[in-house]
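Try each task yourself before reading its solution.

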Amino acid sequence: MKKKDPRRNTPDPSRNAEPRSAIHAQAVAQVVELAGLRRRLASLLYEALLLLGVLALVFLVPYLVLGVGFGITPAGWVAWLHIYVVLGAYFIWYWRRRGQTLAMQTWKLRLVTADGHVPSVATGWLRYTLAWPSLLCFGLGFAWALVDRDRQFLHDRLAGTRIVLLP
């Protein structure tokens, strides 16, 4: 039986780690391409159509049952909170699974963090929460992409995420 050399797994001090990380960063930069603005907006439009179905199933149906069946009408803030939580759960579930919602899969887009990983739950909720003012303020957070150096949406810039194009 061959003995393992304990020195095999230790790094060689004569090798410099900086060039290796620089080469790795260049390789990642060559492979990952930021998605174009038109593609992201097209995906956003397609996502809006898909969300109509999601909201019809998990928002409209329960409210119809409550209203027609029991005569209960929840307060307006409860409805908005319900929409926020339902859509948030949809986005976070898909983003954590593979970094893609259904529309992003169609348009070959993926949401990643600055280091190229799938966003954490906390980062996903941060991005999702920041996207609401981007949309509700007449789309100003989306228009931010016109002046951003990387053409990123404002909520992506603030959350430390980016949407990349898949090969």
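Contact here means heavy atoms within 4.5 Å. Keep in mind that this is a predicted model.

**Exercise 1. Describe helix 5: what is its length, which of its residues are buried, and what do they pack against?**

Step 1: Start with the length. Helix 5 has 16 residues and reaches 23 Å from its first C-alpha to its last. That is close to the 22 Å expected at 1.5 Å a residue.

Step 2: Look for buried residues, meaning those under 20% relative accessible area. In helix 5 these are Thr 123, Gly 124, Arg 127, Tyr 128, Ala 131, Trp 132 and Ser 134.

Step 3: See what follows. After helix 5 comes Phe 138, with a positive phi near 60 degrees.

**Exercise 2. Phe 138 and Lys 108 have a positive phi: where does Phe 138 lie, where does Lys 108 lie, and how accessible are they?**

Step 1: You will find Phe 138 in the loop between helix 5 and helix 6 (140-143).

Step 2: Classify Phe 138. Residues over 50% count as exposed, so Phe 138, at 83% relative accessibility, is exposed.

Step 3: Turn to Lys 108. Its phi is near 55 degrees, positive although the residue is not glycine, and Lys 108 sits in the loop between helix 4 (102-106) and strand 2 (109-113).

Step 4: Classify Lys 108. With a relative accessible area of 44%, Lys 108 is partly exposed.

**Exercise 3. Is Thr 113 buried or exposed, and which residues does Thr 113 touch?**

Step 1: Thr 113 belongs to strand 2. Its relative accessible area is 14%, so Thr 113 is buried.

Step 2: The side chain of Thr 113 makes a polar contact with the side chain of Asp 115, at 2.3 Å.

Step 3: Leaving aside neighbours within four places in sequence, Thr 113 is in contact with Val 118, Pro 119, Gly 160, Thr 161 and Arg 162.

**Exercise 4. What lines the largest pocket?**

Step 1: The largest pocket has a volume of about 620 Å³ and is lined by 25 residues. Leu 44, Leu 51, Phe 91, Leu 135 and Phe 142 lie nearest its centre.

Step 2: Sort the lining by type: 19 nonpolar, three polar and three charged residues.

Step 3: Ask where the lining comes from. Helix 2 (37-70), helix 3 (76-98) and helix 5 (121-136) each supply at least two residues, and helix 2 gives the largest share, seven residues.

Notes
Residues are numbered from 1 along each chain as its sequence is written. This is a predicted model: local features need pLDDT of at least 70, side-chain atom pairs count only at pLDDT 80 or more; totals for chains, interfaces and linings use all residues. Side-chain values use heavy atoms; hydrogens and water are left out. On a 1 Å grid over the protein atoms alone, a cavity is a set of points where a 1.4 Å probe fits but cannot get out, and a pocket is an open set with protein on both sides within 12 Å along at least five of seven lines; lining residues have an atom within 4 Å of a point. Grid points are joined across faces, edges and corners, and a volume is the space filled by probe spheres set on the points. Helices (H or I, at least four residues) and strands (E, at least two) are DSSP runs, numbered from the N terminus. Ala, Val, Leu, Ile, Met, Phe, Trp, Tyr, Cys and Pro count as nonpolar, Asp, Glu, Lys and Arg as charged, and the others, Gly among them, as polar. Buried means under 20% relative accessible area, exposed over 50%, partly exposed in between (1.4 Å probe, protein chains only). The expected span of a helix is 1.5 Å times one less than its number of residues. A polar contact is a pair of N or O atoms within 3.5 Å; within protein, one must be able to donate a hydrogen and the other to accept it, and residues adjacent in sequence count only if both atoms are side-chain atoms.
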